[in-house]
Amino acid sequence: MLQLRFLQASLSPKPHLTFPLISSSGSLRISQTKLRSQMGSYTTSSQQPSKLLFRQLFEKESATYTYLLADASHPEKLALLVDPVDKTVDRDLALVKDLGLKLIYAINTHVHADHVTGTGLIKTKVPGVKSIISKASDAKADLVVEPGDKICFGDLFLEVRATPGHTLGCVTYVTGDGPSQPQPRMAFTGDALLIRGCGRTDFQGGSSQQLYKSVHSQIFTLPKDTLVYPAHDYKGFTVSTVGEEMLFNARLTKDEEAFKNIMASK
């Protein structure tokens, strides 16, 4: 089972584990499902109704995407937010309320330098919500995760993959594999992999060599139809796929030395 390091929240009592995160060796009660992408042009086919409720949200000043995921089949419609922004917390929470969801986690792909995360503000407005970030980030949160951990919300889960390089603590969250999980899979890549690009590597412990290895070993090894949802986009794109980025990413299709040279010139 996943060993969690609980951190004292400044505005709430010592947290306790209510909705468990489980390790890759743990067990899950799962049932037949499918994904129907509700943003962008990607859909999937199945005889079963979708269990995953999904929304892609945008904060225009920092060009940041926030993602809302929920298990629509769960009696309480358990939900989480990925990379919330402080300026749009009220909008996001209003949507959660409108959809009748129960928000249990606010999670970050990494420590952000271009905006203030909304997790702290969310915790003051919604008692019981737990913040999550990677252990490698060395940042304050209620729960910290490591590679291979799973973040469960209802019968659905996100798998944690370490993708350092933009920062030391970057992770990618990937929807589960299996017939009961959304198909195609979805990867929330933070700043490690952007659509046709990647995050900078010249600060916050960044490393172009590490980023190249992270993306190629942890993201490009996913099925090619895996949907790629980054933390930012500056050209109006909303979603890509692993297969597209393996073919068309202007930086990460190069060999490692060429990639390092490109990043050094930025």
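**View 1. The open sheet of six strands in the predicted model.** The strands of this open sheet follow the order E2-E3-E4-E5-E6-E7, with mixed pairing; strands are DSSP runs of E, at least two residues long, numbered from the N terminus, and two of them pair if DSSP finds at least two bridges between them. Strand E2 (52-59) and strand E7 (143-145) stand at the edges with a single partner strand each, so one side of each is left without a neighbour in the sheet. On average, and with direction ignored, neighbouring strands of this sheet are turned by 25 degrees against each other. The model is predicted, and local features need pLDDT of at least 70, side-chain atom pairs count only at pLDDT 80 or more, and totals for chains, interfaces and linings use all residues. Residues are numbered from 1 along each chain as its sequence is written, and side-chain values use heavy atoms, with hydrogens and water left out.

View 2. Strand E3 (residues 64-71) pairs with strand E4 (residues 78-82) in the antiparallel sense over four bridges, and leucine 68 has leucine 81 in E4 as its bridge partner. In the loop between E2 and E3 lies alanine 63, whose phi is near 55 degrees, a positive value in a residue other than glycine. Most residues other than glycine have a negative phi, and most peptide bonds are trans.

**View 3. An aromatic pair between E2 and E11.** Phenylalanine 54 and phenylalanine 188 form a tilted aromatic pair, 6.1 Å centre to centre with 50 degrees between the planes; rings of Phe, Tyr and Trp (its six-membered ring) pair if their centres lie within 6.5 Å, and planes under 30 degrees apart count as stacked, over 60 as edge-to-face and the rest as tilted. The pair links distant parts of the chain, since phenylalanine 54 is in strand E2 and phenylalanine 188 in strand E11 (residues 186-190), 134 residues apart.

View 4. Glutamine 183 and proline 184 are joined by a cis peptide bond, with omega at about -5 degrees. Proline 184 has its place in the loop between strand E10 (171-175) and E11.

Key:
Axes fitted to C-alpha atoms, helices over the stretch in contact; angles between N-to-C directions.
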